[in-house]
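Here is a short briefing on one structure. Please keep the model open while you read.

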Amino acid sequence: MESLEPALLWVAAICGALTGIWAFAEKALKPMKELKSRVEKLEKVAETNHDKLDRDHESFRHQEEINILILKSCSLLMKHCADNNHTGELSRQAAEIDKLVYTKSGSL
């Protein structure tokens, strides 16, 4: 019986030490778990923003194409008004505008 008491004390001490170490480890790892969940949320927000920016960039490229066509057309019309010439260029420009309207009108 005398050898049982020290063995029980050792087992109790080891269990107590393990419990203390586990509690310390949980407290030490809690900020890392919170940080991980926060980073995951921020990554989702960043990915959503990236998708929105990609769509905006595509829209800006379409708008740039339209602006180029409008400026070319205005230039040709002014040249035509000045000397009643450039009818072939006006026809090609009209065809280019029609092509843009027919192919990309749904995404503009």
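Ile68 is found in helix 1, which covers residues 4-83. The model is predicted. Ile68 is partly exposed, because its relative accessible area of 42% lies between the 20% and 50% limits.

**Overall build**

- The protein chain has 2 helices and 0 strands.
- Helix 1 takes in residues 4-83, and helix 2 takes in residues 87-104.
- The C-alpha trace spans about 120 × 20 × 15 Å along its principal axes.
- The radius of gyration of the protein chain is 37 Å, whereas a compact globule of 108 residues would come near 13 Å.
- Of the 108 residues in the protein chain, 6% are buried.
- The protein chain has an accessible surface of about 9500 Å². Carbon and sulfur atoms account for 64% of that surface.

**Nonpolar surface patch**

- Which residues make the nonpolar surface patch of about 490 Å²? Trp10, Ile14, Leu18 and Ile21 do.
- Ile14, one of these patch residues, sits in helix 1.
- Ile14 has a relative accessibility of 47% and therefore counts as partly exposed.

- Gln93 belongs to helix 2. Is Gln93 buried or exposed? Gln93 is buried, because its relative accessible area of 7% is under the 20% limit.
- Leaving aside residues up to four places away in sequence, Gln93 touches Leu69, Lys72, Ser73 and Leu76.
- Ser73 is one of those contacts and lies in helix 1.
- Ser73 is buried too: its relative accessible area is 14%, so it falls under the 20% limit.
- Under the same exclusion of residues up to four places away, Ser73 touches Gln93 and Ile97.
- The side chain of Ser73 also reaches the backbone oxygen of Leu69, at 2.8 Å. Leu69 is likewise among the residues that Gln93 touches.

**Salt bridge**

- How many salt bridges are there? The count comes to 1.
- Side chains of opposite charge can pair when their charged atoms come close.
- Glu58 forms a salt bridge with Arg61, and their closest N and O atoms are 2.6 Å apart. This pair counts because 2.6 Å is within the 4 Å cut-off.
- Both residues lie in helix 1. Glu58 and Arg61 are 3 residues apart, about one turn of the helix.
- Glu58 is partly exposed, with a relative accessible area of 33%. Arg61 is partly exposed as well, at 40%.

**Tyr102 in helix 2**

- Tyr102 has its place in helix 2.
- Tyr102 is exposed, because its relative accessible area of 67% is over the 50% limit.
- Tyr102 and Ser73 are 29 residues apart along the chain, and their C-alpha atoms are separated by 17 Å.

Terms used. Residues numbered from 1 in each chain as written. Predicted model: local features only at pLDDT ≥ 70, side-chain atom pairs only at ≥ 80, totals over all residues. Heavy atoms only, no water. Helix = DSSP H or I, 4+ residues; strand = E, 2+ residues; numbered from the N terminus. Buried < 20%, exposed > 50% of the residue type's maximum accessible area, 1.4 Å probe, protein only. Patch = residues over 30% accessible without salt bridge, like charges linked within 9 Å, V, L, I, M, F, W, Y side chains within 5 Å. Areas by Shrake-Rupley, 256 points an atom, 1.4 Å probe, with all protein chains shown as cover. Salt bridge = Lys/Arg side-chain N within 4 Å of Asp/Glu carboxyl O. Contact = heavy atoms within 4.5 Å. Polar contact = N/O pair within 3.5 Å; in protein donor to acceptor, adjacent residues only side chain to side chain. Rg over C-alpha atoms; globule rule 2.2 N^0.38 Å.
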